[in-house]
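Hi,

Here is the structure I promised to pass on. Have a look at it first, and my notes on what turned up follow below.

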Amino acid sequence: MPRCPNGSRRNKKTGKCEKYTHKNKNKKVCPEDKILNLKTNRCIKNNTINKNKLGSKKVKICPEGKILNLKTNRCIKNKQGIVKSLPSILKPSNLNKTPFKTSSNLIFMKNCSIYNEIGYIDINNVKLIKTPPNSCKSSSMSTNTNNFKFVYNNVDLCNIKFLNKGAYGMVHQYSGGGYNIAVKSYFNKNDGEIKISKLLNKLNIPCKIVNSKLFKRGNEYVAAMELMNGPLSKMKGKFVNTNLMLVIKEIASHLKCLNDNNLVYTDLKTANILFKCIGKEKISVCLGDIGGICQKNSTNACTFLPWEYRYSGGFPKCDEKIMVWCLGVVLLELLNINTDIFHWSEIKYKTHTDITKKLNSIYNSNKIKILKGSKQNPEDLLKVMLNLDPNIRCSLNYIIKNIV
């Protein structure tokens, strides 16, 4: 079952997504000899009977040079060809088999001078190894992570710093010896993002998605990712007019790459687009939060719903026209124009007149009229991106060709 859209939770009784109105509860951390029952939020004895009841199965960690056969739960020699002959073998999944390379389309951004420069990391060379308890000490992490540590170029990444927490997981920064990565841990081992990660690994597509590598750490999945400077929402109102359109073109190129591979990014918004400063005056952008990716013609969560899906409850059908609409909303976000009316929880209550009136006020605003960097009037380009009729709405390729 797909995730609920931003700002909502699934009602366990009805199965429907409902707007979330109270604060998130912190995930309970149990002592070392106990495990958490998520249904009761209570710590219970860590024994075989309780593990079977909760459906948790201990995953064996093999030494270097060996891999795990899940059928026999035995470590066997990692001989050539053994992975293909035994598909049950547990091994890390790489989202991108080729190293992440900075886009050649770097965009001038003077505000980059305030951010620390982050060095390049080939995420494929990051390793997760089992260690003696407390080999990497951190009071902020749950106890089971003390039995593992991340290593890059033979350097232990033991300095751990909390970065962010959401409804589905939390992100920490791991660093050491001048190297930095971000690590996302999931609250649910069946999280849809894990499934998408495996799909991207299988397809090995060259699209600009945050470079990531999936690991099994004890009983949980974690994703090691390239550390970025933050979400593009930090840059609202900070781009000069021409450069803002170049950012939209760059994002459109990444979306088109997904579309060409029969994939769609439905939950597009500035909070889900990441940026990294290259030097002090250039910026690179990529798509983040891969849980927003889905296969064409399936359904997936979307924060800023297109008009034709206003009654979908935040779960539109995955198609190109959704990405075009959401990219138009991203442009409004970066201009610091209020986009609440397009939120999935609000748009269903608006009439055609309400939306048309709002869009017309946007098109006539000075923020739109002074935009530069497109072959046609930026106001006209935005109109075809946010057209209420999906049949008239433009394509991603149209956006790319019209921004110079």
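A salt bridge here is a side-chain nitrogen of Lys or Arg within 4 Å of a carboxyl oxygen of Asp or Glu. Keep in mind that this is a predicted model.

**Salt bridges**

With that cut-off, a search of the whole structure turns up ten salt bridges. The background is simple: side chains of opposite charge can pair when their charged atoms come close.

Take Arg217 and Glu220, whose side chains meet at 2.9 Å, N to O. Are these two buried or exposed? Buried means under 20% relative accessible area. Arg217 has a relative accessible area of 3%, so it is buried. Glu220 has 14%, so this residue is buried as well.

Next, Lys256 forms a salt bridge with Asp260, and the closest N and O atoms are 2.9 Å apart. Lys256 counts as partly exposed, at 25% relative accessibility.

The pair of Glu308 and Arg393 is another one to look up: the closest N and O atoms of this salt bridge are 2.8 Å apart. Glu308 is in the loop between β22 (293-295) and α5 (320-334), while Arg393 is in the loop between α9 (378-385) and α10 (396-402), so the pair ties together parts that are 85 residues apart in sequence.

**Helix α4 and some positive phi values**

Back to α4 for a moment. This helix has 20 residues and reaches 29 Å from its first C-alpha to its last, close to the 28 Å expected at 1.5 Å a residue. Just after α4 comes Asn262, with a positive phi of about 60 degrees.

For context, most residues other than glycine have a negative phi. Asn154 is not a glycine, yet has a positive phi of about 65 degrees. You will find Asn154 in the loop between β11 (148-152) and β12 (155-156). At a relative accessible area of 76%, Asn154 is exposed. Asn297 also has a positive phi, near 75 degrees, and sits in the loop between β22 and α5. With 58% relative accessibility, Asn297 counts as exposed.

**Aromatic pairs**

How many aromatic pairs does the structure hold? There are five. In one of them, the rings of Phe150 and Tyr174 have their centres 5.2 Å apart and their planes at 80 degrees, so the pair is edge-to-face. Phe150 belongs to strand β11 and Tyr174 to strand β14 (residues 169-176), so the contact ties together parts that are 24 residues apart in sequence. Phe150 and Tyr174 are both buried.

Trp325 and Phe342 give you another edge-to-face pair, because their ring planes stand at 85 degrees, with the centres 5.8 Å apart. This pair links distant parts of the chain, with Trp325 in helix α5 and Phe342 in the loop between α5 and α6 (344-347), 17 residues apart. Trp325 is buried, with a relative accessible area of 0%, and Phe342 is buried at 0% too.

Phe150 and Tyr174 come up again in a cluster, where ring pairs link them with Phe215.

**Charges over rings**

Two spots are worth a click here. Lys216 lies over the face of Tyr221, at 5.1 Å from the ring centre. Over at Trp307, the charged end of Arg310 sits above the ring, 3.9 Å from its centre.

**A three-stranded sheet**

Finally, strand β11 is part of an open sheet of three strands in the order β10-β11-β12, with antiparallel pairing. Which strands are at the edges? Those are β10 (126-130) and β12, each of which pairs on one side only. In general, strands of a sheet pair through backbone hydrogen bonds, either parallel or antiparallel. Between β10 and β11 the antiparallel pairing runs over five bridges. Phe150 shows up here as well: this residue of β11 is the bridge partner of Leu128.

Cheers

Terms used. Residues are numbered from 1 along each chain as its sequence is written. This is a predicted model: local features need pLDDT of at least 70, side-chain atom pairs count only at pLDDT 80 or more; totals for chains, interfaces and linings use all residues. Side-chain values use heavy atoms; hydrogens and water are left out. Buried means under 20% relative accessible area, exposed over 50%, partly exposed in between (1.4 Å probe, protein chains only). Helices (H or I, at least four residues) and strands (E, at least two) are DSSP runs, numbered from the N terminus. The expected span of a helix is 1.5 Å times one less than its number of residues. Rings of Phe, Tyr and Trp (its six-membered ring) pair if their centres lie within 6.5 Å; planes under 30 degrees apart count as stacked, over 60 as edge-to-face and the rest as tilted. A charge sits over a ring if NZ of Lys or CZ of Arg is within 6 Å of the ring centre and within 35 degrees of the ring normal. Two strands pair if DSSP finds at least two bridges between them.
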